[in-house]
Amino acid sequence: MNYRLLYFASLCDAAGRAEEQVASDARDVTALYAELAARHGFTFTPDRLRVAVNGAFTDWNHRLADNDEVVFLPPVSGG
Amino acid sequence: MFAIGEAPIDVVRLHQGLEADGAGAVVCFEGRVRNYNDGRAVNGLSYQAYIELAEAEGRRIVEEARGRFKVERVSCVHRVGDLALGDVAVWAGVSAGHRGAAFDACRYVIDQVKARVPIWKREHYVEGTSEWLHPDSAPK
């Protein structure tokens, strides 16, 4: 399946890009994050991240569909 | 009202937006760029947001404040992009019939925005380096 990833803050720096299209066998966000963390050297464990699919927060068991937009959100620091 | 923008925050205009005949109290908070953090000298900040989700989450927070407190108007604006020392990075304002609700709602909005809205700051240090902040726990 194909997914669109957006990266922010230090995940953007680590991935060296703000977005990418990924072809993956991962079917849920947990598996997808493990794959991307290995590829890009992300050091955050999932318990420190939130995840959003298609513009809405979701949980780590979320089943993915083809062409989903997935964002792993590092701890926020606005304000 | 919740908004994210690159332009400098127009505090006067936002303040006018809080006006209401029943507003006996107005409380505003300005979060400004400070010249130090965690023992290091800072000379600027850059903010990045996942705009689509940040605006949705910010609007939810404003609605929560409207439901929890007896208020007239609730507004919050957060900047993104490069900011200099003294610039207003975030502004939250509430008008209400009485001061208690105005203080409580304003505090609620800024605390929730800092904890939940997908916005990140990169600190630029006087020594020449910079880094993203990803706090372990709830921000101060």
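**Note on the predicted two-chain model**

1. Strand E7 of chain B, residues 88-96, is mostly covered, with eight of its nine residues buried. The model is a predicted one, and it scores ipTM 0.95 and pTM 0.95. For chain B the mean pLDDT is 96, and 97% of the residues of that chain reach 70 or more.

2. The strand pairing around E7(B) can be followed residue by residue. Strand E2 of chain B, residues 25-32, pairs with E7(B) in the antiparallel sense over eight bridges, and B:Cys28 of chain B stands opposite B:Gly93 in E7(B). Strand E5 of chain B, residues 71-79, also runs antiparallel to E7(B), to which it is joined by seven bridges. Here the bridge partner of B:Ser75 is B:Gly93 in E7(B), while B:Val71 has B:Ala96 in E7(B) as its bridge partner.

3. These strands belong to an open sheet of four strands in chain B, which has the order E1-E5-E7-E2 and mixed pairing. Strand E1 (2-5) and E2 of chain B stand at the edges, and because each has a single partner strand, one side of each is left without a neighbour in the sheet. From one strand to the next, the twist averages 10°.

4. Of the two faces of E1(B), the covered one holds B:Phe2 and B:Ile4, whereas the uncovered one holds B:Ala3 and B:Gly5.

5. Helix H3 of chain B lies across E2, E5 and E7 of chain B, and runs at about 150° to E7(B). In the largest nonpolar core, which has 52 residues, those that touch the most other members are B:Ala65, B:Val71, B:Val94, B:Ala105 and B:Val109. Helix H3 of chain B, residues 99-116, gives the largest share of this core, namely eight residues. Leaving aside residues up to four places away in sequence, B:Val109 touches B:Ile61, B:Val62, B:Ala65, B:Val74, B:Cys76, B:Ala92 and B:Val94.

6. Which residues does B:Ala89 touch, not counting those up to four places away in sequence? In chain B they are B:Gly31, B:Arg32, B:Val33, B:Leu45, B:Tyr47, B:His78, B:Arg79 and B:Leu83, and in chain A there is A:Gly79. B:Ala89 is found in strand E7 of chain B, and it counts as buried because it has 21 C-beta neighbours inside 10 Å, where 20 or more are required. B:Ala89 and B:Gln112 are 23 residues apart in sequence, and their C-alpha atoms are 15 Å apart in space.

7. Between the two chains, 14 residues of chain A are in contact with 22 residues of chain B. On the side of chain A that touches chain B, the elements giving two or more residues are helix H1 (9-15) and strand E5 (69-73) of chain A. By class, this side of chain A has nine nonpolar and five polar residues, and no charged residues.

8. Chain A has an open sheet of five strands in the order E2-E1-E5-E3-E4, with mixed pairing. At its edges are E2 and strand E4 (56-58) of chain A, each of which pairs on one side only, and the twist averages 35° from one strand to the next. Strand E3 of chain A, residues 50-53, runs antiparallel to E5(A) and is joined to it by four bridges, with A:Val53 opposite A:Val70 in E5(A). Helix H2 of chain A, residues 29-40, packs on the sheet, touching strand E1 (2-6), E3 and E5 of chain A, and its direction makes about 70° with that of E5(A).

9. Is A:Ala18 buried or exposed? A:Ala18 counts as exposed, because it has 12 C-beta neighbours inside 10 Å, and 12 or fewer is the condition for that class. A:Ala18 lies in the loop between H1 and strand E2 (19-23) of chain A. Apart from residues up to four places away in sequence, A:Ala18 touches A:Leu6, A:Tyr7 and A:Cys12. From A:Ala18 to A:Leu5 the separation is 13 residues in sequence and 8.2 Å in space, C-alpha to C-alpha.

Definitions and conventions
Residues are numbered from 1 along each chain as its sequence is written. Chains are lettered from A and ligands numbered from 1 in the order in which they are written. This is a predicted model: local features need pLDDT of at least 70, side-chain atom pairs count only at pLDDT 80 or more; totals for chains, interfaces and linings use all residues. pLDDT is the predictor's confidence in each residue, from 0 to 100. Two residues are in contact if their C-beta atoms, placed from the backbone, lie within 7 Å. Ala, Val, Leu, Ile, Met, Phe, Trp, Tyr, Cys and Pro count as nonpolar, Asp, Glu, Lys and Arg as charged, and the others, Gly among them, as polar. A nonpolar core is a set of buried Ala, Val, Leu, Ile, Met, Phe, Trp, Tyr and Cys residues joined through C-beta atoms within 7 Å. Two strands pair if DSSP finds at least two bridges between them. Axes are lines fitted to C-alpha atoms, for helices over the stretch in contact, and angles run from 0 to 180 degrees between N-to-C directions.
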